[in-house]
Amino acid sequence: MRTRKLKLPYNRQLDIINAGTGSVWVECLRLKDTWDYAHGYRTGGRLDKSCELWMDKELSKSQPLHSQSIQEVRSRYFKNRKGFRELRKNGHNKAKPPYRDKTFQTTTWKKSAIRFIGKRQLRLSNGKGNEPLYVNLPKNFDVQYAIAHIAIVELVYNKGQYSLHFVYGVAKALKSDSEGVVGVDIGEIHPIVSHNGVDTLIFNGRYIRSLYRLRNKVIASFGKKIDRCKRHSKRWWHLVRRKWKRIRKIDNQIRDGLHKHTTEFVKHCEERNIGIVVIGDLTGIRDSINYSKRANQKLHQWAFGKVTQLISYKAKALGIKVEVIDESYTSQTCPRCGNKHKPSNREYKCKCGFVYHRDGVGAVNIRQKYLGKFGELLNYQLSVPIGMRLQTKTP
Ligand SMILES: [Zn+2]
């Protein structure tokens, strides 16, 4: 998407339009309350879908806006909710669903509400019976191009200035499904293990794990010293500050490592003409491992959420689609014979004689699952996994 911005001189009509959009937003919030009251405050994507259908009929549509502009607010609201659910799923426990009333909101016009009159004027429809918004276009405005490429127009208010954003649909088109699919297993030991039907890549997690260990050691050793001091004493404060300084530094190193891994991974996807990255959903698997400490597990979960998030935005920027699918049984099922059993060590060994890297099996199966072939026998030979290591100094 490419956006072109055009500053608008203030006039009251602009306030009225964005206030109308704000009212639609507030209406969405109130309707959701009504729905929740009737349905018992449950959450979940499927419920949201039926709520959205219901809300579409219930919205009063009394605002001076084009019907598609109103629909856009509703779909924006549910998109926000979806984003919130994904954040929660990825371990951001403080994320909140949209709940705040807004007096003004950005208004969006879709294609059918946008019309160019001659070369110098734009007409944005606000629905039957309401005054449209007329905008004079500057001399250098390329109307021909706009007609061919326009996707939406937005009325944005920012720090005292109204502007129109012309959003053109010249983004890199999403690659088609016929292009490569890569399955990703976010493992306990390695941050990323991927399989694209040809190669299996293992992004080595040793460096990041050593940072986890270091972090725990720092917490433990400072904890002992801090416990020996009087709370809030000068020395106590000194140690607490030093402890957090160390931890901040380690956390930055972990984050940096995850950034390097995910960048490398996405680069690889682009080179191999991958169209879809399929990530196994992590929510179900954490119980299978026995971490000695709770804190440790939390840290791991944080990292997994982070990896998913980093891959998602980096891949999307390259026009690569990202899908998250349920990964149950993908680490246990033998790709050669379909037998299920839990691997006990780093190597997956099956009765049928199949032996492969454990997380590699997960990535293979996640890919198969996305392609609708999970449980079917693999019709190609798996190659030896390729190790990917970070170029970093050991901490
Ligand atoms: Zn087998």
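## Basis

The model is predicted: local features need pLDDT of at least 70, side-chain atom pairs count only at pLDDT 80 or more, and totals for chains, interfaces and linings use all residues. Residues are numbered from 1 along each chain as its sequence is written, and side-chain values use heavy atoms, with hydrogens and water left out.

## Zinc site

Four cysteine SG atoms, from Cys-334, Cys-337, Cys-350 and Cys-352, coordinate the zinc ion at 2.2 to 2.3 Å. Donors here are N, O and S atoms within 2.8 Å of the metal (3.2 Å for Na, K and Ca); water is not among the atoms, so sites may look incomplete. The angles between the 4 donor atoms run from 104 to 114°, so the arrangement is tetrahedral (for four donors, all angles between 85 and 135 degrees).

Along the chain the donors have the spacing C-x2-C-x12-C-x1-C. Cys-337 sits in the loop between strand 12 (321-326) and strand 13 (347-349), and Cys-352 in the loop between strand 13 and strand 14 (355-357), so this pair ties together parts 15 residues apart in sequence. Strands (E, at least two residues) and helices (H or I, at least four) are DSSP runs, numbered from the N terminus. Cys-337 is partly exposed at 32% relative accessible area, and Cys-352 is partly exposed at 34% (partly exposed lies between buried, under 20%, and exposed, over 50%, with a 1.4 Å probe and protein chains only).

## Largest pocket

The largest pocket holds about 810 Å³ of space. Its lining has 27 residues, and Lys-82, Gly-83, Glu-86, Lys-89 and Val-324 are the closest to its centre. A pocket is an open set of points on a 1 Å grid over the protein atoms alone, with protein on both sides within 12 Å along at least five of seven lines; a cavity is a set where a 1.4 Å probe fits but cannot get out, and lining residues have an atom within 4 Å of a point. A volume is the space filled by probe spheres set on the points, which are joined across faces, edges and corners.

Helix 3 contributes the most to the pocket lining, with 8 residues.

## Cavities

The whole structure has 3 cavities of 30 Å³ or more. The largest cavity has about 90 Å³ of space and 14 lining residues, with Ile-189, Pro-191, Ile-208, Tyr-212 and Phe-304 nearest its centre. Helix 7 supplies the largest share of this lining, 4 residues.

The second largest cavity has a volume of about 40 Å³. Its lining includes the zinc ligand Cys-334.

Methods
Tetrahedral: all angles 85-135°; square planar, octahedral: opposite > 155°, others 65-115°.
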